[in-house]
Amino acid sequence: MSEVKKIATRESYGKTLVELGKEHDDLVVLDADLAGATKTGVFQKAFPERHIDCGIAEANMMGIAAGLSTCGKVPFASSFAMFAAGRAYEQVRNSIGYPHLNVKIGATHAGISVGEDGATHQCNEDIALMRTIPGMVIINPCDDVEACAAVRAAYEYVGPVYLRFGRLAIPVINDPATYHFEIGKGVLLKEGKDVTIIATGLCVCEALEAAKLLAADGVDAEVINIHTIKPLDEELVAASAVKTGKVVTVEEHSVIGGLGSAVCDALCEKAPVRVMKIGINDRFGESGPGAELVKRYGLDAGSIYKKVKAFV
């Protein structure tokens with residue numbers, strides 16, 4: 001059996017920007033002195049006249065992106081999630097969100113899988129921050145195929161979009177020949193009757209593996225990939241909750257304000273059931289290899305399996 005192909009979604013981001021750049025002259029890319037890390041350096045090389053390095057000034061970069069969008073351009077402002085969502089929050093809120101401008105934010109190096117950079121760079125709060133901005137679309141793809149499709153969808157969408165990408169190479173689970181991406185629509189990956197596992201980002205693959213372990217114990221888990229946190233596919237989430245009666249959310253993000261909170265917000269109104277949130281439990285990250293941190297914080301398949309089994 002051949003080894004599963006692994007690609008970091010930040011690589012997918014840079015690659016797709018180049019493809020879109022060939023198709024659309026209005027696409028411009030901004031970076032904050034991190035083009036090598038965010039992988040927008042490939043766009044810079046292909047289209048130097050449409051790439052702007054704003055230096056280590058993320059807040060200013062968001063203002064420049066906002067201005068460009070009012071001149072008919074489609075700007076992708078790129079930086080680490082900690083800086084894009086954290087350092088530049090005020091500018092994203094007031095200069096992009098408030099006037100509802102057509103700016104795309106490419107936030108790479110999100111979550112604890114950033115690894116050795118440590119707690120200061122491991123942004124586990126970005127989804128929560130972006131969810132509070134009215135009209136902001138939030139997309140957290142689970143693999144290379146989905147990430148590429150998400151970048152294209154973000155370009156086509158008119159309005160602000162926050163795209164969340166990772167540093168760690170993760171398994172490619174989708175088939176590019178058959179995969180279809182639609183903003184705001186979740187993906188039912190596996191049907192089940194005993195419990196619903198709703199995952200996002202790199203946790204989707206782990207949730208699928210956990211479902212296999214649960215199946216061996218006679219637990220039939222339904223698995224849903226929620227790539228768009230906002231707007232949430234409430235219809236799919238509620239229908240599955242009614243079907244199984246128990247829901248588990250899994251995310252590489254704080255359990256406060258992220259996918260779990262969005263799901264609970266929807267279910268308390270549409271289908272009240274028991275919910276367990278798996279994620280970063282009100283604590284900061286720490287320095288270490290990304291894959292090891294995923295295990296340490298209980299986001300790997302084995303940990304998810306144990307928690308879901310106990311919950312069921």
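I take a salt bridge to be a side-chain nitrogen of Lys or Arg within 4 Å of a carboxyl oxygen of Asp or Glu. The model I am working from is predicted.

**Entry 1: D143**

I looked up D143 with that cut-off in hand. D143 is buried but has no salt bridge. I noted K15 as the nearest side chain of opposite charge, 9.8 Å away. That distance does not fall within 4 Å, so K15 is not a salt-bridge partner of D143.

Where does D143 lie? I placed D143 in the loop between strand 6 (137–139) and helix 8 (144–156). What does its side chain reach? I found the backbone nitrogen of V145 at 3.3 Å from the side chain of D143. Leaving out residues up to four places away in sequence, I listed T9, I170, P171, V172, I173 and N174 as residues that D143 touches.

I checked how strand 12 is attached. Strand 6 and strand 12 run antiparallel and are joined by two bridges. In strand 12, I identified K230 as the bridge partner of I138.

**Entry 2: backbone angles**

I went through the backbone with one expectation. Most residues other than glycine have a negative phi, and most peptide bonds are trans.

I started with the bond between K230 and P231, which is cis, with omega about 0°. P231 is in the loop between strand 12 and helix 10 (234–244). K230 is also the bridge partner of I138 noted above.

I then looked up two histidines. H100 has a positive phi, near 50°, and H109 has a positive phi of about 55°. Is each of them buried or exposed? H100 counts as partly exposed because its relative accessibility is 38%. H109 counts as buried because its relative accessibility is 2%. I placed H100 in the loop between helix 6 and strand 5, and H109 in the loop between strand 5 and helix 7 (126–131).

**Entry 3: two exposed loop residues**

I looked up Y98 in the loop between helix 6 (89–97) and strand 5. Y98 is exposed, with a relative accessible area of 74%. I recorded 10.0 Å, C-alpha to C-alpha, between Y98 and P160, which are 62 residues apart in sequence.

I finished with A177, in the loop between strand 8 (170–171) and strand 9 (187–190). A177 counts as exposed at 69% relative accessibility. I found A177 and V145 to be 9.6 Å apart, C-alpha to C-alpha, and 32 residues apart in sequence. V145 is also the residue whose backbone nitrogen the side chain of D143 reaches.

Note on methods
Residues are numbered from 1 along each chain as its sequence is written. This is a predicted model: local features need pLDDT of at least 70, side-chain atom pairs count only at pLDDT 80 or more; totals for chains, interfaces and linings use all residues. Side-chain values use heavy atoms; hydrogens and water are left out. Helices (H or I, at least four residues) and strands (E, at least two) are DSSP runs, numbered from the N terminus. Buried means under 20% relative accessible area, exposed over 50%, partly exposed in between (1.4 Å probe, protein chains only). Lys and Arg count as positive and Asp and Glu as negative; His and the chain ends are not counted. A polar contact is a pair of N or O atoms within 3.5 Å; within protein, one must be able to donate a hydrogen and the other to accept it, and residues adjacent in sequence count only if both atoms are side-chain atoms. Contact means heavy atoms within 4.5 Å. Two strands pair if DSSP finds at least two bridges between them.
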